[in-house]
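Here is a short tour of one protein model, written for a reader who likes to follow along in the viewer. Please keep the sequence and the structure side by side as you read.

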Amino acid sequence: MPTPKKPASPSATSSARKPLVYGAAVVVAAGLLGFASYRATAPGGTAPDTSSAPAAEVSAGPRDGVYPELAKLARRDPDDKLATGRADAPVVLIEYADFKCGYCGKFARDTEPELIEKYVKDGTLRIEWRNFPIFGEESENAARGAWAAGQQDRFWEFHRAAYAEGAKEKGFGKDRVKALAEEAGVKDLGRFMKDLDGEAARAAVAKDQEQAYGIGATSTPSFLINGRPIAGAQPDETFDQAIEAAAEQARATGEDTGNAGDDAGDPAP
């Protein structure tokens, strides 16, 4: 089984050497995220049974397994092009993922659409994407392409095209990424290609990588749900339980800020 390549970004590499920058309690959370081995991350192969992974144990009380330091990583920026759902939603799911990751694709195709239908559209959930390319140059290309598509409000369309069945097998060279942008309906492909190789895209991807390494994430997909770590493409019910527990806790503490406003954000198509 191949090992994920080190990220090219100096800031991400530096961060990888000194994780756990969000407080001592995050050491435990990092252990949970690290439970998902590379076997649960690899671009190919057979998915292991991870349904009993400690990082996914969410049947206890809504406070159990939740780390306030991690909950604070939710950006809740109404202008975030790589997010969907109300900026003031009571629950935020942060996803750290790589477009070459087979199990990220499984989550994107099988689980995420259900979460959007069930929780994003009713205002309970917000999903915030973090680019976490760990499989080398083509992963970096796809990550920067996703960001560039987002600058023209086509991130989720690019996301869907890049995670379609058979998409990753075609690779993510520059020409392929451009083709995916065209498929996603990006109107200005010239601007897209300029943004793809621009410093802003590189900085945005490096920032996401740094955050992922900073909490000790070593595999994709990795998730935080209101500060609760979940590792790997877990069964749908794992996400349902975590989201509902987080919503219950938000209601109990008065964190649900009410009806969506002008900064609500549109659900992913």
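Which residues are buried in H6? They are Phe155, Trp156, Glu157, Phe158, His159, Ala161 and Ala162, where buried means under 20% relative accessible area with a 1.4 Å probe, protein chains only.

A word on the ground rules: this is a predicted model, in which local features need pLDDT of at least 70 and side-chain atom pairs count only at pLDDT 80 or more, while totals for chains, interfaces and linings use all residues. Residues are numbered from 1 along each chain as its sequence is written, and side-chain values use heavy atoms, with hydrogens and water left out.

**The overall picture**

The protein chain has ten helices and five strands; these are DSSP runs numbered from the N terminus, helices being H or I with at least four residues and strands E with at least two. Of its 269 residues, 54% are buried. Contact means heavy atoms within 4.5 Å, and among contacts between residues at least 6 apart in sequence, 81% join residues at least 24 apart.

Helix H6 is largely enclosed by the rest of the structure, because seven of its eight residues are buried. Helix H4 has buried residues too, among them Tyr103, Phe107, Leu115 and Tyr119.

| Helix | Partners of its buried residues |
|---|---|
| H6 (residues 155-162) | E1 (83-84), H4 (102-120), E3 (125-131), H5 (137-150), H7 (174-183), H8 (189-196) |
| H4 (102-120) | E1, E2 (91-97), E3, H6, E4 (222-225), H10 (236-253) |

H4 also bends by about 45 degrees at Thr111, with Pro113 following within four residues; the bend is the angle between axes fitted to the seven residues ending there and the seven starting there.

**A crossing pair**

The axes of H5 and H9 (residues 199-214) come within 9 Å and cross at roughly 110 degrees. Axes are lines fitted to C-alpha atoms, for helices over the stretch in contact, and angles run from 0 to 180 degrees between N-to-C directions. H5 and H9 are therefore roughly perpendicular, a label for angles of 65 to 115 degrees. Glu140, Ala143, Arg144 and Trp147 in H5 meet residues of H9 including Ala200, Arg202, Val205 and Gln209.

**Cysteines**

Cys101 counts as buried at 1% relative accessibility, and Cys104 is buried at 0%. The whole structure has zero disulfides, defined as pairs of cysteine sulfur atoms within 2.5 Å.

Notes: Buried < 20%, exposed > 50% of the residue type's maximum accessible area, 1.4 Å probe, protein only. Parallel < 35°, antiparallel > 145°, perpendicular 65-115°, else oblique.
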